[in-house]
Amino acid sequence: MQSPHLTGLSQAELSDFVASLGEPAYRGRQIFAGIQARRLRSFADMTDLPNELREKLGENATISTLTLESRYISSDGTRRYLFKTHDDYPVETVFIPEERRDTICFSSQSGCPLQCTFCLTAQLGLLRNLTSGEIVEQIIVALNDAYGVGTRTPRGTNLVGMGAGEPFLNFDELIKATRIMKEPSGLHIVPNRITVSTAGIVPRIRELATIPDRPHLAISLAAPNDELRNELMPINKKWPIEQLMAACRDFEKSLKRGERFTFEYVMLDGVNDSDEHARQLANLLHRYRLHAKVNLIPHNPAEPLPYQPSPRDRVEAFQQILESKGVHAFIRRPRGQDILAACGQLAARTTPRSSEAVL
Ligand code: SF4
């Protein structure tokens, strides 16, 4: 049996765990702070614990279950990490430096069971769900790499659950990870700095609407009608646009001050980017009285995907039609394309460029 992965335990669970080793509860708080606030990667580094306890922990538990295999650095500064789980499945994480606030894009699954035709991850299929510890560990490694072990994050980092996998098919572990990360005595990344994107798992959108302390929600839409969406995102056959939009409307009603809700629309040249598609999209949002903004994301090409990104002037024309109909739309700048770190490109591939040895 695998030893407990302490990175995936809440402070209370850690106190219970140390109690099972015959240790007082305050040791649980110390270990939690060591893992989550100081981001230490081994018990040996927890020099505030007695030697004997560090040895006992080493025999009975683990902090780290992900092995970093490679790190790729893009010409735009984006970093992609390729890990292996203890049972040899790939996990990918992307660090995106930005002027105001850096962003870490994490994965919720190894591979993905959904078959979005514009996404390279789909080609892996589902390998397995990640645990809350594996989700939190991705963030810790990326933060340590960017800022150094134990340092405060300089500007407060944003997280996005838009890496490999459909987060809402691993809902419980995802929510558990967000609760661990929000602890003030730990990473202290509150849900309001996290955005999670779903392809449209309607029951979980409805469930998220009932959770008080939740991440922001983004819906990957990609098409304004069922016919095209069935083709691009086959999950639409299970939860068609009508059901998805009804859930979105109810979710939007549940929004509290400061919460964000957005649609993501990947722009595929000649496929979903016509003036008519823009009008249909605006009408769809109006029909369901949705006020959410739309992020337009030029597709990131990757062999053997059959699509090309919409040209810049097409994306701008699409944006203008949405804006003229009262829908706020933004064009997202692709990052890390050259190292296969951009949206839809995560498929555990090794790339020759800018590869660096394991940290
Ligand atoms: S776009 Fe997201 S949900 Fe769709 S296949 Fe890729 S990882 Fe899965």
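This is a predicted model: local features need pLDDT of at least 70, side-chain atom pairs count only at pLDDT 80 or more; totals for chains, interfaces and linings use all residues.
**Exercise 1.** Where does Ala222 lie, and is Ala222 buried or exposed?

Solution. 
- Step 1: Ala222 is found in the loop between strand E9 (216-220) and helix H7 (226-232).
- Step 2: The relative accessible area of Ala222 is 0%, so Ala222 is buried, the cut-off being under 20%.
- Step 3: Phi of Ala222 is positive, about 70°, although Ala222 is not a glycine. Most residues other than glycine have a negative phi.

**Exercise 2.** Describe Pro301 and Pro304 in the loop between E11 and H10.

Solution. 
- Step 1: Pro301 lies between strand E11 (293-298) and H10, and Pro304 has its place in the loop between E11 and H10.
- Step 2: Pro301 counts as partly exposed because its relative accessibility is 32%.
- Step 3: Glu303 and Pro304 are joined by a cis peptide bond, with omega about 0°. Most peptide bonds are trans.

**Exercise 3.** How do the axes of H9 and H10 cross, and which residues make the contact?

Solution. 
- Step 1: The axes of helix H9 (residues 275-287) and helix H10 (residues 312-324) come within 9 Å and cross at roughly 35°.
- Step 2: The crossing is right-handed.
- Step 3: H9 contributes Asp275, His277, Ala278, Arg279, Leu281 and Ala282, and H10 contributes Arg314, Phe318, Ile321 and Leu322.
- Step 4: Sorted by class, this contact has six nonpolar, one polar and three charged residues.

**Exercise 4.** Which residues have the most contacts inside the largest nonpolar core?

Solution. 
- Step 1: The largest nonpolar core has 96 residues, and Leu6, Phe118, Phe263 and Val294 have the most contacts inside it.
- Step 2: Helix H4 (residues 132-147) gives the most to this core, with eight residues.
- Step 3: Another core, of seven residues, lies apart from it and includes Val94, Val160, Met162 and Leu346.

**Exercise 5.** Which residues surround the ligand?

Solution. 
- Step 1: The ligand is surrounded by Cys112, Leu114, Cys116, Cys119, Thr121, Ala122, Gly165 and Ala199.
- Step 2: The shell divides into six nonpolar, two polar and no charged residues.

Conventions: Residues are numbered from 1 along each chain as its sequence is written. Side-chain values use heavy atoms; hydrogens and water are left out. Axes are lines fitted to C-alpha atoms, for helices over the stretch in contact, and angles run from 0 to 180 degrees between N-to-C directions. Helices (H or I, at least four residues) and strands (E, at least two) are DSSP runs, numbered from the N terminus. A crossing is left-handed if the near helix is turned anticlockwise from the far one by less than a right angle, and right-handed if clockwise. Contact means heavy atoms within 4.5 Å. Ala, Val, Leu, Ile, Met, Phe, Trp, Tyr, Cys and Pro count as nonpolar, Asp, Glu, Lys and Arg as charged, and the others, Gly among them, as polar. A residue is near a molecule or strand if one of its heavy atoms lies within 4 Å of it. A nonpolar core is a set of buried Ala, Val, Leu, Ile, Met, Phe, Trp, Tyr and Cys residues joined through side-chain atoms within 4.5 Å. Buried means under 20% relative accessible area, exposed over 50%, partly exposed in between (1.4 Å probe, protein chains only).
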